[in-house]
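Please examine the structure shown below with its sequence beside it. The paragraphs that follow lead through it one region at a time.

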Amino acid sequence: MHWLQDLFARAADGTPVLKPGDMRVRGPSPRGRNDLPTVSERLDLIARGLSDLDPDVIVVMEGPSDTEKLQLLMNTVSGGVWECHVQRSRFPSSPGGPTLDSSQCVGIAVRTDTGRLATVPLVPFEVESPAIGDLHEATEPFFLDFGREQITEWFRFERRPLYVEVRPNVGAPIRLLGLHLKSKGIFGAIEWSRWWQIAEAHRARLLALCRHLRRRFIDMYLAHAATRDIPLIVCGGINEGPGFGLAEMQLRNSGVQEMMGSIWRPDLILGNALFDALQGDSAPTFEDLWTVEFPDPIFEETRHRVWTDHLLYSRNVRSDWISDARILRSTCQGTPFSEISDHCPVRALIDTTGWDEPRD
């Protein structure tokens, strides 16, 4: 949602409040404007986007730093009743270095007044707590021998993943893993050989994070008897491929492909809901699968479109419970989502009814 943290301040008693409506903050500007939007403009645009999406569950990237702020936002811009949770995220600046707080966290809001969700609709797991087990360990800083140089390197997650259970009123509960991995973007004009050096380092970091999370958590989730039959969605800003970038081709792999799994373990492969949509005469093409657009840092007339936001899902029990995935470009009223967020939203339908049926 692009720097939601900028919308908030703290009252004298420490509770979060929205900044004055005429204050300018970071975020996409309304069409034809080059200056920063005001708080009021951002709130109005977010309200339009939410009204058009009409979601039961929304996973938020670049959310505020705590649950109270996201709850205040949803209470302000939506006519519905919501329950929210933000995964707080703190990370070391370097091995043994000071701990920093992330101001761009992953959050979730579920709508509780439509009757589609259970009385207890949302069960968050605190990923910062060692008591959560595998996922906490998987998202702690780690060392990995990743490249050809046989040098062990240090990696970190700057944002802890969101991990929650969502409980529908009818059907099986689902687990949701919301990710916002570090951007691979290079936003300045630099010498070509230096560009390649930075691009490959960014790609290697993303690939290492995805590989580590896959092997240390997702593989175990899909194989363990206690969790393998619980539907899993892995979604959010993975900021990667699959397989189209020059640096990805140089490394001959991508983070999304690592996250989806290995062909040698087909029972553990995650489906990609947007890839599934590439079927039928009226289906989109690969060229249509982009979620963010930005100008070239040198040639301003050139704009790049890349697919960085994904919705992956478990298929080891059923493969038909996620459908109608699509990337939305504008609201029904014609407001471009590029004015609401710097990324287009990915939407899909979830159906977990009949999940307790025996396996084929």
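Leaving aside its neighbours within four places in sequence, Val39 is in contact with Leu7, Lys19, Pro20, Gly21, Met23 and Val25, where contact means heavy atoms within 4.5 Å. Val39 itself belongs to helix H1; helices (H or I, at least four residues) and strands (E, at least two) are DSSP runs, numbered from the N terminus. With a relative accessibility of 1%, Val39 counts as buried. The word buried stands for under 20% relative accessible area, exposed for over 50%, and partly exposed for what lies in between, with a 1.4 Å probe and protein chains only.

Two points on the origin of these values should be kept in mind. The model is predicted, so local features need pLDDT of at least 70 and side-chain atom pairs count only at pLDDT 80 or more, while totals for chains, interfaces and linings use all residues. Residues are numbered from 1 along each chain as its sequence is written, and side-chain values use heavy atoms, with hydrogens and water left out.

How does helix H1 pack against helix H2, and at what angle? Helix H1 covers residues 39-53 and helix H2 residues 67-77; their axes are 9 Å apart and meet at an angle of about 75°. Axes here are lines fitted to C-alpha atoms, for helices over the stretch in contact, and angles run from 0 to 180 degrees between N-to-C directions. H1 and H2 are therefore roughly perpendicular to each other. The classes are as follows: under 35 degrees is roughly parallel, over 145 roughly antiparallel, 65 to 115 roughly perpendicular, and the rest oblique. From H1, the residues Leu43, Ile46, Ala47 and Leu50 meet Leu73, Met74 and Val77 of H2. The residues of this contact divide into seven nonpolar, no polar and no charged. In this division Ala, Val, Leu, Ile, Met, Phe, Trp, Tyr, Cys and Pro count as nonpolar, Asp, Glu, Lys and Arg as charged, and the others, Gly among them, as polar.

The next topic is the segment before strand E1. His2 counts as buried at 19% relative accessibility. Gln5 is likewise found in the segment before E1, and Gln5 is buried with a relative accessible area of 18%. Not counting residues up to four places away in sequence, Gln5 touches Pro64, Ser65, Lys69 and Ser103.

Ser341 lies in the loop between strand E18 (322-327) and strand E19 (346-350). Apart from neighbours within four places in sequence, Ser341 is in contact with Met1, His2 and Pro28. Ser341 and Gly27 are 314 residues apart in sequence, yet their C-alpha atoms are 7.2 Å apart in space. Ser341 is buried, its relative accessible area being 6%. The side chain of Ser341 reaches the backbone oxygen of His343 at 3.2 Å.

Rings of Phe, Tyr and Trp (its six-membered ring) pair if their centres lie within 6.5 Å; planes under 30 degrees apart count as stacked, over 60 as edge-to-face and the rest as tilted. The rings of Phe142 and Phe155 have centres 5.5 Å apart and planes at 25°, so the pair is stacked. Phe142 lies in strand E9 (residues 142-145) and Phe155 in strand E10 (residues 152-155), so the pair ties together parts that are 13 residues apart in sequence. Both Phe142 and Phe155 are buried. For Phe142 and Phe157 the ring centres are 6.4 Å apart and the planes are at 45°, so this pair is tilted. Phe157 is buried, with a relative accessible area of 5%.

Phe125, Tyr163, Phe217 and Tyr221 form one aromatic cluster. Arg175, in strand E12 (residues 174-180), touches residues including Phe125, Tyr163 and Tyr221. Arg175 counts as buried at 12% relative accessibility.

Terms used: A polar contact is a pair of N or O atoms within 3.5 Å; within protein, one must be able to donate a hydrogen and the other to accept it, and residues adjacent in sequence count only if both atoms are side-chain atoms.
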